[in-house]
Amino acid sequence: MRRTLLALLMALGVAGTMVPATPAHADPVGTLACPSIPANRDPAVTLVVYRVARALNANDKVTLSAFEAGWVESRMNNLPCGDKSSLGVFQQRWDYGWGTPEQIMDPVYASTQYVTRAIVCDRDHPGYSAGQVAQCVQRSGFPDRYDQAAATARAQLNEAARTHAIAGGSATDVTGDGRDDIVAFTHNPAGDVYVALSTGTGFGVGLKWHEFFSPFGEFPALGDVNGDGRDDLITFTQGPATASDVVVALSNGSSFGAAQKWHDLFAVGAELPRVGDVNGDGRDDIVTFTCDPNADVYVATSTGTGFAGTTVKWHDFFCLAGEFPYLGDANGDGRDDLIVFTKGATNDVHVALSTGTGFLGATRWHDFFGLNGETAL
């Protein structure tokens, strides 16, 4: 069965080379030659590589090395084939200790394996170029190819960064493939969560991913709270002070896991919740907007397994004139900023930029909003 699976995975073949010193095991598996290799990148793959590098706090050189390696090895495509036992974006070999074929064919897993090794190579050899870091990880028989791909890799990295910023972190990508999906929350007695996955040209059939939601009127949100490249289900309960919790169900790429409490209070004072990565660490945080006389903005940052302690005030006003709040990376620095839309006499759009530990004073970025009842996204 294992040989059959491997033969099927590698039936198309590509030329990718990685030669770690000692294979974990060396079962010979025959492959067919690749009839062709895609001429250009898969944008979904480039976005996954970027998001994983960002989630692991990789520096620019390491991130660029990942794009150089991905372009050289697969033209940034998740290939089910390769030289000998090579598979995936980085042509990693299952028989040389990179993981199972199924794991290597998961772009999030493959990118994590590459980036974690590249971070170590860069740390041990700070004078290396991005291409030399790539060679340190890949151990190719053609070591000069990676630096030669620097210009193409840089263009693709910048494209992925812009896409990530525009999408606000791809706020409904539950599979981690770089495409936003449709998530529907039912408020009937069953309270189920359904997902229709994007194919790139349409959406698949809606399938139940979680067996309950909103039996007590929770407020739903989606965000990548653990930094694995997949958006998770977050619910905010607005019950009594002792029950106003934040609950998270993590996405595994095909369903949401069991709900677990990540934070022990929310909405005691009828706050409005948002989810976004305000400190730029690759994990989405909780931001709450109070509409009480103080009208403050509070943040609880994600640690990857919970939200850090008591929320800390990051901004000293909100909701004084009935603003509508949103989060998004307005300046492209990898941190989500506070954006408010006023629907009063001025109808302006104001932005307070995130510094990573707070929001700067709000500045008007646009001189009208809401004149004809527009809806902000």
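Strand β3 (residues 182-185) and strand β4 (residues 193-196) run antiparallel and are joined by 4 bridges. Strands pair if DSSP finds at least two bridges between them; strands (E, at least two residues) and helices (H or I, at least four) are DSSP runs, numbered from the N terminus. This is a predicted model, in which local features need pLDDT of at least 70 and side-chain atom pairs count only at pLDDT 80 or more, while totals for chains, interfaces and linings use all residues. Residues are numbered from 1 along each chain as its sequence is written, and side-chain values use heavy atoms, with hydrogens and water left out.

**Strands**
- Phe185 stands opposite Val193 in β4.
- β4 is also joined to strand β5 (residues 207-210) by 3 bridges, and these two run antiparallel.
- Tyr194 stands opposite Lys208 in β5.

**Confidence**
- The protein has a mean pLDDT (the predictor's confidence in each residue, from 0 to 100) of 74, and 70% of its residues reach 70 or more.
- Helix α6 (residues 130-138) has the highest confidence, at a mean of 96, and helix α1 (residues 2-9) the lowest, at 36.
- Over residues 166-170, pLDDT stays under 50, and the model has 8 contacts (heavy atoms within 4.5 Å) for them beyond four places in sequence.
- Residues 369-377 also stay under 50 in pLDDT, with 16 contacts beyond four places in sequence.

**Arg41**
- Arg41 lies in the loop between α1 and α2 (43-55).
- The relative accessible area of Arg41 is 22%, so this residue is partly exposed, a class between buried (under 20%) and exposed (over 50%), with a 1.4 Å probe and protein chains only.
- Arg41 and Ser74 are 33 residues apart in sequence and 8.3 Å apart in space, C-alpha to C-alpha.
- Beyond its neighbours within four places in sequence, Arg41 has contacts that include Trp71, Gln156 and Glu159.
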